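Have a look at the model first.

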Amino acid sequence: MPLTIHHLHVSTSERIIWLCEELGIPYSLKTYTRTPLLAPPELKSLHPQGSAPTIQDGPITLAETGACVEYIARKHGDGRLLLDPSHAAYADYLYWFHWANGTFMPNIGRIMMAKMADLDPEGQVVKYNQDRLEKSLAMLDARVKENAWLAGEEFTAADVMMGFPLTTARYFAKFSLEKYPNIVDYLGRIGERSAYKRAMEKGDPGMELALGVEAPSKSFV
């Protein structure tokens, strides 16, 4: 039985499809539509966390993006796209792999929630979150100025983790990359990858890819 990826349209589970395409791992894809914003009951019932991504591999059902990425890369990908501690760029790889979900995604989530709560754009909470976002983007922009990928010249799972927060997440939390040309160039390199193109077409066919300076005009909140 092949690995099964449960993908909620326009969500972080696109990263798991992309990973499998990069690694050439066969998988079965089941997609779900938001109702209207959150996952439908049939996806929520698969795992107590009730969110995407969720993967199934024989008797194993696993959620949490980072865990799914590492599980697939180690168990089915012979460790490809992961760096060992002996690698010169291991610390950089490890940092950015976890930064994508541990720091950057929560910031985006707070901005989205502030918008949903219709908080005062000039209020302290909104300003704090926006300041945090700008600092994060500036740091990331500096990283990819001299490095093709987050770990240096080698594409890794850290780049897979970083893709969604910079692209599709902007359907939910609008932010511009006008001040960050190096990130825009980085997204250009991502968009040129054939595995990324295949993954996005399989997971969200016809969706406008958020690879440019401005966020998509459509919004989900």
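Start with Ala 173, which is buried at a relative accessible area of 2% (buried means under 20%, exposed over 50%, partly exposed in between, with a 1.4 Å probe and protein chains only). Before going on, note that this is a predicted model, where local features need pLDDT of at least 70, side-chain atom pairs count only at pLDDT 80 or more, and totals for chains, interfaces and linings use all residues. Residues are numbered from 1 along each chain as its sequence is written, and side-chain values use heavy atoms, with hydrogens and water left out.

You'll find Ala 173 in the loop between α6 (157–166) and α7 (181–191); helices (H or I, at least four residues) and strands (E, at least two) are DSSP runs, numbered from the N terminus. Setting aside neighbours within four places in sequence, Ala 173 is in contact with Ile 108, Ile 111 and Met 112, where contact means heavy atoms within 4.5 Å. Asn 107 is 66 residues away from Ala 173 in sequence, yet their C-alpha atoms are 9.6 Å apart.

Now for the largest nonpolar core, which has 64 residues; among those touching the most other members are Phe 104, Met 162, Leu 166 and Ile 183. (A nonpolar core is a set of buried Ala, Val, Leu, Ile, Met, Phe, Trp, Tyr and Cys residues joined through side-chain atoms within 4.5 Å.) The top contributor to this core is α4, with nine residues. As for Ile 183, its contacts beyond four places in sequence include Leu 137, Leu 140 and Leu 166.

How do α1 and α6 meet? Their axes come within 9 Å and cross at roughly 145°; axes are lines fitted to C-alpha atoms, for helices over the stretch in contact, and angles run from 0 to 180 degrees between N-to-C directions. On the α1 side the contact is made by Glu 14, Arg 15, Trp 18 and Leu 19, while α6 brings residues including Asp 159 and Phe 164.

On to the sheet. Four strands form an open sheet in the order β2-β1-β3-β4, with mixed pairing; two strands pair if DSSP finds at least two bridges between them. β2 (27–32) and β4 (60–63) are at the edges with a single partner strand each, so one side of each has no neighbour in the sheet. Further in, β1 and β3 run antiparallel and are joined by three bridges, and Ile 5 has Ile 55 in β3 as its bridge partner. Finally, α3 packs on the sheet, touching β1, β3 and β4.
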